[in-house]
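Colleague: I have a structure open and would like to learn how to read it. Could we go through some of its features in turn?

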Amino acid sequence: MTSVATPAVTPAAGVQDSLQAPAPANSAPTASVTAGAPAISLADIARAHDVRFLLATFVDMTGKPCAKLVPVEAADELEAGAMGFAGYAAGLIGQKPQDADLIAVPDLTSFTPVPFIKEGLAIIHCDPHVNGEPWPYAPRVILKNALARLEEKGMQAKVGAEVEYFLVNRNDDGTLSTADTRDDSPRPCYDARGVTRMYEHLTSISEAMNSLGWGNYANDHEDAAGQFEQNFNYADALTTADRVVSLRYILNILAEQRGMTATFMPKPFTDRTGTGLHFHLSLWSEGAPLFPADGDGRGLGLSGLAYSFIGGILDHAPALQAFLAPTVNSYKRTGATTSSSGATWSPRKASYGGNDRTHMIRVPDNKRLELRSGDGSANPYLAIATAVAAGLDGIERSTDPGAPSGPGESKPDAHVLPATLLHAVEALRRDPVLLSSLSGDPDIGTYYADAKEEEFLSWHNQVSDWEIRTYLTSI
């Protein structure tokens, strides 16, 4: 839970305003060169950072990171589009076994050396192509298409992300337990002792982010036992999505090296607060923020454009949840009525208001809005792309969300957020704007909806312990 004065979403010295991902502070060449200068290759960049191997990475629609480990000697082949993946085997990405390979085309501005994982290793984010064209089912391509549509309107999106996670151990009987056995308080949020006991882990992640120039500014114990959050500065939307994917990988690997499991599962414990992935969104044009305004009669200091953006998100909120809360487990979090701490920090209705964490959209200041209904299982590319699509639809229709709701309140006609993943899928199918928001193709939205319905039914067909306890001898 980021504080109101977070530097992640307000302009500050050192924040990257460029749409190009910043190179680490100690870097030499980057992919950008001056006109007339010889092109700098991926191999050049890798060797300048003493990188010997590249993780050529992309994610499928579930957010699963897929990669090939490419030696620097083959970097030119990677850059030339010679690295093929069997897309159907990679995961949910719109391919059949008979389809042509996905070709991983690296984005050189995303080059991320990770010597704290393995000496000589770097991540390079890639855009999957098929037959020479960007693959429209690929999440990173989907986000780039959404941002291109925004750019056509003369606007750019900047995004900050709050990455929450649990550190757990998996017991021999399959149950989960908190990795720090002393972390057992019902209200451990911000506990200095819990942070100190996890000092080596938290500081290793902080130092990793800062070595990459991300600007880590806070590391805290979250609301549930075993739950943490580590924050970094905001950037353009694509850079932030790349960083969320990279950070999840870094957290997973460094936790494993210490004998723990870092999980982004939304609700791993029935009686504890779930894990969110909150996004701070703002729109800009020619380097100037578009959300602030003077003389706002509603008290939040926002422009008419900002209110229309909010209105679009609220109008499409039920369908949007299929991307912000994309798993069966997600709805154990949003459907929770309480937790051991006394709060769930998870909205149940599509409301907006000021500095109030009970709303789906919190407006902590006039520079940004915080979208709070997403959880740790969200694919950052799809979540940002669909949120931008919903907000842009609001701008195009000049929607008016009405007056902000008061603390802990919502309007009587506010959308109730879906109760299950199946409800979210049904809402998506009824929403032509969001169904068409994935690379502008409703067939891709339908493909995603079908896959998520199948995921729900796969879970629904399993007989649970709860059913045995409730029904075995009840009749």
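Modeller: Burial is judged from relative accessible area: buried is under 20%, exposed is over 50%, and partly exposed lies in between. Arg397 has 43% relative accessibility, so it counts as partly exposed. Bear in mind that this is a predicted model.

Colleague: Where is Arg397 found?

Modeller: Arg397 sits in the loop between α11 and α12, the latter being residues 421–429.

Colleague: Which residues does Arg397 touch, not counting residues up to four places away in sequence?

Modeller: Arg397 touches Asp315 and His316. For a distance across the chain, take Ala255: Arg397 and Ala255 are 142 residues apart in sequence, and their C-alpha atoms are 46 Å apart in space.

Colleague: What pLDDT does the chain average?

Modeller: pLDDT is the predictor's confidence in each residue, from 0 to 100. The chain averages 91, and 92% of the residues score at least 70. Residues 2–34 have a pLDDT below 50, and in the model this stretch has 72 contacts beyond near neighbours in sequence.

Colleague: Now the strands. How many of the 15 residues of β8 are buried?

Modeller: The count is 13 of the 15, so β8 is largely enclosed by the rest of the structure. β8 covers residues 156–170.

Colleague: Which strands does β8 pair with, and how do I read the pairing?

Modeller: Two strands pair if at least two bridges are found between them. Take the partners in turn. With β14, β8 pairs in the antiparallel sense over eight bridges. With β11 (residues 227–231), β8 runs antiparallel and is joined by five bridges. β13 (residues 261–263) is antiparallel to β8 too, with three bridges. β12 (residues 235–236) pairs with β8 in the antiparallel sense over two bridges.

Colleague: Which residue in β11 stands opposite Phe166?

Modeller: That is Gln227. Phe166 also stands opposite Thr263 in β13. For Glu162, look to His278 in β14.

Colleague: How many residues lie between β8 and β9 in their hairpin?

Modeller: Five residues lie between them, and Gly174 in the turn has a positive phi of about 90°. Within the pairing, Val168 has Thr178 of β9 as its bridge partner.

Colleague: Let us look at β14 itself. How many of its nine residues are buried?

Modeller: Eight of the nine are buried, so to read the strand, residues 277–285, call it mostly covered. Phe279 has Leu371 of β18 as its bridge partner.

Colleague: What is the sense of the pairing between β14 and β15?

Modeller: β14 and β15 (residues 288–289) pair in the antiparallel sense, over two bridges. Ser285 has Ala288 of β15 as its bridge partner. Their hairpin has two residues between the strands, and Glu286 takes a positive phi near 50°.

Colleague: Next, helix packing. At what angle do α4 and α7 pack?

Modeller: α4 (residues 139–152) and α7 (residues 237–257) pack at about 160°, with their axes 10 Å apart. Angles over 145 degrees count as roughly antiparallel, and α4 and α7 are therefore roughly antiparallel to each other. Their crossing is right-handed. The contact is made by Arg140, Leu143, Lys144 and Leu147 of α4 and by Ala237, Leu238, Ala241 and Asp242 of α7.

Colleague: How do the axes of α8 and α11 cross?

Modeller: The axes of α8 (residues 304–315) and α11 (residues 380–396) cross at roughly 120° and come within 6 Å. α8 and α11 are therefore oblique to each other. α8 passes α11 in a right-handed crossing. On the α8 side the contact residues are Leu305, Ser308, Phe309, Gly312 and Ile313. On the α11 side they include Ala387, Val388, Gly391 and Ile395.

Definitions and conventions: Residues are numbered from 1 along each chain as its sequence is written. This is a predicted model: local features need pLDDT of at least 70, side-chain atom pairs count only at pLDDT 80 or more; totals for chains, interfaces and linings use all residues. Side-chain values use heavy atoms; hydrogens and water are left out. Contact means heavy atoms within 4.5 Å. Buried means under 20% relative accessible area, exposed over 50%, partly exposed in between (1.4 Å probe, protein chains only). Helices (H or I, at least four residues) and strands (E, at least two) are DSSP runs, numbered from the N terminus. Axes are lines fitted to C-alpha atoms, for helices over the stretch in contact, and angles run from 0 to 180 degrees between N-to-C directions. Angles under 35 degrees count as roughly parallel, over 145 as roughly antiparallel, 65 to 115 as roughly perpendicular and the rest as oblique. A crossing is left-handed if the near helix is turned anticlockwise from the far one by less than a right angle, and right-handed if clockwise.
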